[in-house]
Amino acid sequence: MATDSPLIIALDYSSLDAALCMADQLDPKRCRVKVGKELFTRSGPAVLEALHGRGFEIFLDLKFHDIPNTVAGAVQAAAEQGVWMVNVHACGGRKMMEAAAKRLDDHRLSTHLIAVTVLTSMQAEDLRETGIDDTPEAHVLRLAALTQQSGLGGVVCSAQEAAQIKSLFGNDFLKVTPGIRPSFAAANDQERIMTPSDAMRVGSTHLVIGRPITQAKEPMMALASIEAELAG
Ligand SMILES: O=c1ccn([C@@H]2O[C@H](COP(=O)(O)O)[C@@H](O)[C@H]2O)c(=O)[nH]1
């Protein structure tokens, strides 16, 4: 059953059992779940089947980045497994993103396709080391424009860029924001962070939250506290 909650819980676990143990405490009417590189590499499509069987909508966060034909095939494979959302890296370029979007269209697959702009773990200095002298915000906006022009439905960005993306690219263009840190949580390796309520206020459409819940002593209390913050 679909949820209208903006919450996407990142199931960053090293085994299928551990991921399902957390999933069994969650309610698919109250959140979606995200399967990333570690869990998918360990468990393969079995994790998608197990989570779908429990009623969850899944964001398959594999951040594809390759030549257009390869990425189009990978996106099609993900969509045919029924995931709610899949993503690519915007820095793979227009031709790669257009090929992926066209592949979904050609096969009438309705999975949301979005693109990662600048990882939330990066700041200006990290970008400079990759040859990009822009601020993270300027680079995010450039990649978001390219993503929209390529026919994709939204971006992964930090909540710090959500307001500008909303005003430039519209309400319907999805702003999926990791780097969400409630006041009780540590930043860990995230750099461009924001609290859940602030992120929603500035225009995030979806909040990706992992460790503040999954590594909490009482994960369900952490989730309830985030929900209360959003409701308030
Ligand atoms: O820019 C990005 C893109 C993806 N992520 C992913 O989101 C979660 C965040 O987990 P936390 O534990 O809440 O930090 C994680 O799965 C990342 O792979 C991101 O953080 N930033």
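Me: Why does Lys 29 count as exposed?
Reply: Lys 29 has 12 C-beta neighbours inside 10 Å. A residue is called buried if 20 or more other C-beta atoms lie within 10 Å of its own, exposed if 12 or fewer, and partly exposed in between, with C-beta atoms placed from the backbone. Lys 29, with 12, therefore counts as exposed.

Me: Before we go on, what kind of model is this?
Reply: The model is predicted, and local features need pLDDT of at least 70, side-chain atom pairs count only at pLDDT 80 or more, while totals for chains, interfaces and linings use all residues. Residues are numbered from 1 along each chain as its sequence is written.

Me: Where is Lys 29 placed?
Reply: Look in the loop between helix 1 (16–23) and strand 2 (32–35). Helices here are DSSP runs of H or I with at least four residues, strands are DSSP runs of E with at least two, and numbering starts at the N terminus.

Me: What makes Gln 25 exposed?
Reply: Gln 25 has 12 other C-beta atoms within 10 Å, which means it is exposed. Gln 25 belongs to the loop between helix 1 and strand 2.

Me: Which residues is Gln 25 in contact with, leaving aside neighbours within four places in sequence?
Reply: Those are Pro 219 and Met 220. Contact is called when the C-beta atoms of two residues, placed from the backbone, lie within 7 Å. Met 220 is 195 residues from Gln 25 in sequence, and their C-alpha atoms are 7.5 Å apart.

Me: Why is Arg 128 called exposed?
Reply: Arg 128 has 11 other C-beta atoms within 10 Å, so it is exposed. You will find Arg 128 in helix 6 (residues 124–129). From Arg 128 to Ser 158 it is 30 residues in sequence and 18 Å in space, C-alpha to C-alpha.

Me: What makes Thr 195 partly exposed?
Reply: The count for Thr 195 is 19 C-beta neighbours inside 10 Å, so Thr 195 is partly exposed. Thr 195 sits in the loop between strand 7 and helix 9. Not counting residues up to four places away in sequence, Thr 195 touches Arg 181, Pro 182 and Ser 183.

Me: Where does Lys 63 lie, and what is its phi?
Reply: Lys 63 is in strand 3 (residues 58–64). Its phi is positive, about 45°, although Lys 63 is not a glycine. With 17 C-beta neighbours inside 10 Å, Lys 63 is partly exposed.

Me: How do you know that the radius of gyration agrees with a compact globule?
Reply: The radius is taken over C-alpha atoms, and the globule rule is 2.2 Å times the number of residues to the power 0.38. For 232 residues a compact globule would have a radius near 17 Å, and the protein has 17 Å, so the two agree. Buried residues make up 41% of the 232 residues. The protein has eleven helices and eight strands.

Me: How do helix 4 and helix 5 cross?
Reply: The axes of helix 4 (residues 68–80) and helix 5 (residues 94–106) come within 8 Å and cross at roughly 35°. Axes are lines fitted to C-alpha atoms, for helices over the stretch in contact, and angles run from 0 to 180 degrees between N-to-C directions. Among the residues making this contact are Val 75 of helix 4 and Ala 99 of helix 5.
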